[in-house]
Amino acid sequence: MNRPSLLWKAYIAAFYIFLFAPLVVVAVFAFNASPFPSPPWRGFTLEWFTGTGAVFPKPGVLRDPIWLTSIGNSLKVAVPVALLAVIIGTINAWVLERAQFPGKTLLAMMMLWPLVIPGVVLGISILAFFSRLANGLEDWLQMDLDLMRPGLGLVVLGQLSFILTISTLIIAARLRKFDRSLEEAAFDLGASRGRVLRTITLPFLRPALVGAGLVALLMSFENFNTTLMLVGSDAPLPITMYGQMREGATPAINAVSLLVMLAVGAIASLFALTSKSQA
Amino acid sequence: MTSARRLTLFLMMAPAILWLGLLIVLPHVEILILSFSERVAPRVYQFGFGNYLEFFTEPLYWRTFARTAIMSILVTAITLLLAFPIALYIARVARGRVKAMLLLLCLLPFWVSELVRTLGWMMLLRETGLISYLLRATGLATQPVELLYNDGAVILGLVYGGLLFMIVPLANALESLDPSVVEAGYDLGGSRATVLRRIVIPHAMPGIVAGSIIVFMLTVGNFATPVLLGGKNGLWFTEQIYAQFITRFNWPQGAAFGMLLLLLSSAIVWAGLRLTGQGLGTTLRQA
Amino acid sequence: MASSNDLDIVNVTKRFGSHAAVEDVSFSVAPGEFFSILGPSGCGKTTLMRMIAGFEHPTSGDIRIRDRSMIGVPANRRPVNMVFQSLALFPMMSVGENVAYGMTCRGVGRAEADERAARMLERVGLNGFGHRQVTALSGGQRQRVAIARCLVLEPTLVLLDEPLGALDLKLREHMKIELKQLQGTFNTTFAYITHDQSEALVMSDRIAVMNGGRFEQIGSPRDLYHNPGTPFVASFVGETNRWRGAVSGAADRGLSVRLSSGVLAQGRGDAKTGDALCFVRPEAIALAAEAGALQILPNRFEGRVSAVLFDGANSSLLINAAGFDEPIRAVLPQAGPLAGITVGAPIHVGWTADAMKVFAA
């Protein structure tokens, strides 16, 4: 088995071509000087990134308010999701790894649960529950509770419902490797509880905190299924892309995809770097 | 001392309890209740099994459900077959930098949004797409060829989306196989096929189960790929849920469909774990 | 009741549920003393040490440092610092930052803390190591950083929890001497716990032998070795022969013991009647080729060599003799006439009555 056959090697090569073909096609046609995202090749252009709409009927991504607001909406969701995922994930990790209480195994199982629920079901259940909650509260308080209606706030909650599981697992795995005697040593040398946390525990957890934050950022930015059910009038990027893909789009969608790929590549390499320093 | 400690514990557990309670447990209780309520008059609902009866009596609904389940199993099987040689190569043949590169290259496309990947397949497969264009350019076809909007395209897109989640747990499981065990298998007279069947595959079983379960769950719950690559012929069950909730605003019916999808996904996960004697926790950790 | 001791442990008991990890232990450590607690793993010594450091709280009893009760004082307020078994050097900090950590916790300014840390590192022979990463140090250097980190705070008492456990044999031998010297130079009180009797014997001024949550005996290393107070101390501290027997009566200057198969032997001890355990150190056993050479000894036996255990200066013989349930182990001097003895050779052994300790079984 140490000397792979030619057939096997050919299969590996074909596999990687298969893997990258769609991405390469998307990237290349972002530069095609054609009003349609399809062959034939009509020459190189940057119009679909920076065009004003003078050459082609539609402007490039960086000048089109539809794309720019979508990206903005995605960030409005992804940044709070990532921050909350790290903060709550750290607290959850402490509960899982450090606290002792009856029913802990049950809680640990419950925390894994969101991973086996289809995203669409998560979306509709949160939508239905918060609508009922909002109806009840609005009748009682006699005021509008827009935060509980479909919109970016609800999208944040919907994405958190399963991203929290991921961030908790990442941070708990790191906390499990922590040598408790480091904390005791710091305490023994005269540090207060707060100082121990600040100077010993959090610096140790930092790679996992950064990693969990980046993963949460990516998962939030790309989530489609749950977001689709909870979105209101402000569409994040995947929702806008979905709409354009159904209606038939200009190569601007290729351009925005390429930008997404570059951003994701940058975040993924950051993540790879932090997990390398973790080892 | 103890009461202060208890207060700390309570405060630390509060986020987890709020999260699981408000975002997971209560919402599921809500759709469970919703799925059993029937509309008897505008804005008047009462308890009943009508939504579930509707599912069984309307052929479109249960056929879509069955189709989703069967195609998801098929997609999982194809993904496993395609991924196994790759995982075996990464885990047991490739060394050092090549190994790291191969794994990284596998990971890369999957960090990119599902929609971008689907866009790529649409640009390749559609009538005005690259493959159709190349076929005409080389003279293999005289007419534009539509490769999109059929079951093949849907399966292709779903398999593509599932590959990574199969390769990583498989490679992890194969990685832990001691090379001397494989050598002992050959030494004792085993052929390539026997060693693969009797030693390598049984060892990789936890990875196979983990990968299959994850791929199945992702496939059953997928929305964008079947809708965009299958078009009108996509007929995926998640689409029915979306239609009931968002288009028709018939939430009780949509909730019943949601419960059925959850049931299907949980049943297959449970059966997979049961058949192979694996635990959910260890399986999820594999991935 | 004023005390001039650095540490007084008064009737301390620690229970975990119904299990008593430490039971009614009392002892005192004088200023400048190197005090060891020696015992097998699970004897409660780590629990005792963690109570002194402040990580565990005694169920009953008092812990006093310089005559001030430590009950209710958290670990970060005690004038006690600990060298951990794992050393617990902070991997996210440099060597200098590790040593300065305790001072910055006390509010000492950054510059002064750094300077004092540098001076301390110099004193433990790590001059100029301040900017190194702790992961880049050797085992012995890490050890010294861990001790320097405590000593720089000038604690009343330094606790050491088996800090040599992770080192290899050669380095451990070396560090024993170095630790003893460090303690002498700084004249700080050390409380050291270990399961390794050699570490305790070499370094300590006094040793407490602990077993099953209780103290068996406290004394100087010499005292414990030559006058063990209990069968446990006799067998745990140093190499020894151990035979079963029964006290048969008083002999002219001690006890007469009948060993399991009928042989009579003379020994010393406070057992009056009944089953007894007899202990004789291997180096207290005289060897001779001729019976006549051992005439003056009250205990004389004849046997055959069953094994030669060559180990340089620590070489010994195992001798089978009629009437003994275990072979007799005796030190074989490599300079003597018997140095070349082989298995199967007949040999005479003997020892004084003083050399044989007899305890009630």
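In strand β10 of chain C, C:Phe215 is the bridge partner of C:Met210. The structure is a predicted model.

Strand β9 of chain C covers residues 206-211. It is joined to β10(C) by 5 bridges. The two strands run antiparallel. Both belong to an open sheet of 6 strands in chain C. The strand order is β6-β7-β8-β3-β9-β10, and the pairing is mixed. The edge strands are β6 (80-83) and β10 (214-219) of chain C. Each of these edge strands pairs on one side only. On average, neighbouring strands of this sheet are turned by 20° against each other, direction ignored.

A second open sheet in chain C has 5 strands. Their order is β15-β19-β16-β17-β18, with antiparallel pairing. Strands β15 (286-288) and β18 (328-331) of chain C stand at the edges. Each has a single partner strand, so one side of each is left without a neighbour in the sheet. Neighbouring strands here are turned by 45° against each other on average, direction ignored. Within this sheet, β16 (residues 299-309) and β17 (residues 316-321) of chain C run antiparallel and are joined by 6 bridges. C:Ala307 stands opposite C:Leu318 in β17(C).

Further pairing in chain C involves β1, β4 and β5. Strand β1 (residues 7-16) of chain C runs antiparallel to β4 (residues 60-65) of chain C, with 5 bridges between them. C:Thr13 has C:Ser60 in β4(C) as its bridge partner. Strand β4(C) also pairs with β5 (residues 68-69) of chain C, in the antiparallel sense and over 2 bridges. There, C:Arg64 stands opposite C:Ser69 in β5(C). Strands β4(C) and β5(C) form a hairpin with 2 residues between them. In the turn, C:Arg66 has a positive phi of about 45°.

One loop residue of chain C was examined in its surroundings. C:Val237 is found between α8 (231-236) and β11 (241-251) of chain C. It counts as buried because 23 C-beta neighbours lie inside 10 Å, and the cut-off for a buried residue is 20 or more. Neighbours within four places in sequence aside, C:Val237 is in contact with C:Gln197, C:Val209, C:Leu224, C:Tyr225 and C:Pro228. C:His226 is 11 residues away from C:Val237 along the chain. The C-alpha atoms of these two residues are separated by 9.7 Å.

The chains were then compared for contacts. Of the 2 pairs of chains in contact, chains A and B share the most contacts. Between chains C and A, 17 residues of chain C are in contact with 16 residues of chain A. On the chain C side, the elements that give two or more residues are β6 and α2 (95-105) of chain C. Helix α2(C) gives the most, with 3 residues. The residues of this side divide into 11 nonpolar, 4 polar and 2 charged. No contact joins chain B and chain C. The closest C-alpha atoms of chains B and C lie 11 Å apart.

Chain B contains 13 helices and 2 strands. Its radius of gyration is 24 Å, whereas a compact globule of 287 residues would have a value near 19 Å. The C-alpha trace of chain B spans about 80 × 75 × 35 Å along its principal axes. Of the 287 residues in chain B, 44% are buried. Among contacts in chain B between residues at least 6 apart in sequence, 69% join residues at least 24 apart.

The mean pLDDT of chain B is 85. In this chain, 96% of the residues reach 70 or more. Confidence in chain B is highest in helix α3 (residues 59-93) of chain B, at a mean of 91. It is lowest in helix α13 (residues 280-286) of chain B, at a mean of 54.

Notes: Residues are numbered from 1 along each chain as its sequence is written. Chains are lettered from A and ligands numbered from 1 in the order in which they are written. This is a predicted model: local features need pLDDT of at least 70, side-chain atom pairs count only at pLDDT 80 or more; totals for chains, interfaces and linings use all residues. Two strands pair if DSSP finds at least two bridges between them. Helices (H or I, at least four residues) and strands (E, at least two) are DSSP runs, numbered from the N terminus. Axes are lines fitted to C-alpha atoms, for helices over the stretch in contact, and angles run from 0 to 180 degrees between N-to-C directions. The radius of gyration is taken over C-alpha atoms; the globule rule is 2.2 Å times the number of residues to the power 0.38. A residue is buried if 20 or more other C-beta atoms lie within 10 Å of its own, exposed if 12 or fewer, and partly exposed in between; C-beta atoms are placed from the backbone. Two residues are in contact if their C-beta atoms, placed from the backbone, lie within 7 Å. Ala, Val, Leu, Ile, Met, Phe, Trp, Tyr, Cys and Pro count as nonpolar, Asp, Glu, Lys and Arg as charged, and the others, Gly among them, as polar. pLDDT is the predictor's confidence in each residue, from 0 to 100.
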